[in-house]
Amino acid sequence: MTAVTKNEYYTKTVTDYTHEGMGVVKVDHYPIFVPDVLVGEEIEVKVIKANRKFGFGRVKRFIKPSANRIDPPCPYYYQCGGCQIQTLNYAEQLAFKKGTMDKSINRMAGLGKDINPAVGMDEPMYYRNKSQIPVKFNNGSVEMGFYKPRSHDIVDIEHCLIQKEIHNDLMVFIKELLNKEKVSVYDEAMHQGLLRHVIIRSNNDDSEVQVAFVTNGRKNVFTDINKAIIGTFPMVTSIVQNINPEKTNVIFGDRTDVLYGEDYITDTLLGKKFRIRARSFYQVNHEQTEKLYRKALEAADLKGDEIIIDTYCGIGTIGLSATDHAGKIIGIEVVDSAVEDARENARLNGAENAEFHLGKSEEVMKKLVKEGVKPDVVFVDPPRKGCHPEFLEALAEVRPEKIIYVSCNPSTLQRDLKYMNEQGYDISPVTPVDMFPQTNHVEGVVALELK
Ligand SMILES: C[S@@+](CC[C@H](N)C(=O)[O-])C[C@H]1O[C@@H](n2cnc3c(N)ncnc32)[C@H](O)[C@@H]1O
């Protein structure tokens, strides 16, 4: 292999994307990863780091730019770590997401399956219904924004193109108030100071908005701030203070106090109502969640009497969307507040055929199998690390006719699909659904059927 070294220049054509959305150029077989370049572009690249098996480069000159290249619409794009692929037009972003899924399913797992085109948004901006905004004190004032790539330094932001407009308005308003009230801000290095994060979450039509202050301690300094928020934003129906005194990257602590209104907001998905509390997971893109769930329900093709297990169920959204077409729904979720929400959501939607179990999927599933529960269909929607091996073993033992797997990480998806394929399941073509436009995150849904 050619010895590539730091500070060398090469002229090359970009042949592929990495999972992170960087372009790949090759010097002989040695890959160099370059951010913000598109497949097909001829570039001059400077090597900035050369490891033994791969390197990193920076583009110095575009010799032949791609027709799919656009100027990033966000002025913070090159500083902020929130978005990674804004230089790709939307058609190219969707092609990148389909390609990433294809590489996982076919190149890594060797499953030899078609990948459907990625389902995109009509307008791929202003979609995030949840903003987790870190707060820092810098140069004499409070900064709020998002982290720089691979760092806990903040880019102070006035307007984010992927969070909903109401979140931008509230973010700027709250920052002004924090400065005016001289609120003590958390210093990560010293593990001192009060306010760590501001979390804003809204329902689809912005008729209910929740503001959560995450603090390093129980002191409530928000009375005047809350009055100002409610006076200007009547759609804020819930303000809570979550206490997280731990030295950790995990945002929420265990305790949440209500400062104003309810401790939840409600939203509607596919005609069902859902109550959501601060610590409960809820999909961040409403339009795409409805498309994703429709695909999942279509793939399940329910007849009306099936026993369904909805694992990693959050507040019960997938299972409860299926209740009108199923005999029984059994949900499993590890976060206590989400299970409480799920039970309340079953009641809100008159779903008497739904029950929810608090616990780890891998443990509850084994217990249910032991008790003789025999599901016809299992919905699986794990976090990025994918399914626990013991959960998959229990699934293979109970052998449901169908498994519908919703995934936010193609690399763990391919691992789990490969295992279930070996256990006797046929894998259908995967459909990527673009839940996170402008970012390198890839979500998908796939059906597994007993051979
Ligand atoms: C990607 S979310 C999906 C939630 C839900 N299906 C939805 O569409 O909103 C994954 C969920 O799995 C839960 N979770 C994480 N690890 C778990 C485990 N070992 N057992 C059960 N639930 C788990 C998380 O709390 C989260 O609610």
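## Ligand shell

In this predicted model, the shell around the ligand holds 12 nonpolar, 5 polar and 3 charged residues. In total, 20 residues surround the ligand. The closest are Phe 281, Tyr 312, Gly 314, Ser 361 and Asp 381. Helix 5 (317-321) and strand 17 (328-333) are the elements that give two or more residues to this shell.

## Cys 408

UniProt, in an unreviewed entry, places the feature "active site" at Cys 408. Cys 408 sits in the loop between strand 20 (402-407) and helix 9 (410-422).

Cys 408 has 18 C-beta neighbours inside 10 Å, so it counts as partly exposed; a buried residue would need 20 or more. Leaving aside residues up to four places away in sequence, Cys 408 touches Arg 384, His 441 and Glu 443.

## Helix 8

Helix 8 covers residues 389-398. Phe 391, Leu 392, Ala 394 and Leu 395 are buried there. Seen down the helix axis, the buried residues fall within an arc of 160 degrees, so they line one face of helix 8. An α-helix has 3.6 residues a turn, so residues three or four places apart point the same way. On the other side of helix 8, Pro 389 and Glu 397 are exposed.

The cover over the buried residues of helix 8 includes helix 7 (361-370), strand 19 (377-380), strand 20 and helix 9. Just after helix 8, Arg 399 takes a positive phi of about 50 degrees.

## TRAM domain

The unreviewed UniProt entry also places "domain: TRAM" at residues 3-61. That span is 56% strand and 0% helix. Its end C-alpha atoms lie 23 Å apart.

Terms used
Residues are numbered from 1 along each chain as its sequence is written. This is a predicted model: local features need pLDDT of at least 70, side-chain atom pairs count only at pLDDT 80 or more; totals for chains, interfaces and linings use all residues. UniProt positions are given in the numbering used here, feature names are shortened, and annotations may be inferred rather than shown by experiment. Helices (H or I, at least four residues) and strands (E, at least two) are DSSP runs, numbered from the N terminus. A residue is near a molecule or strand if its C-beta atom, placed from the backbone, lies within 6 Å of it. Ala, Val, Leu, Ile, Met, Phe, Trp, Tyr, Cys and Pro count as nonpolar, Asp, Glu, Lys and Arg as charged, and the others, Gly among them, as polar. A residue is buried if 20 or more other C-beta atoms lie within 10 Å of its own, exposed if 12 or fewer, and partly exposed in between; C-beta atoms are placed from the backbone. Two residues are in contact if their C-beta atoms, placed from the backbone, lie within 7 Å. The arc is that of the directions from the helix axis to the C-beta atoms.
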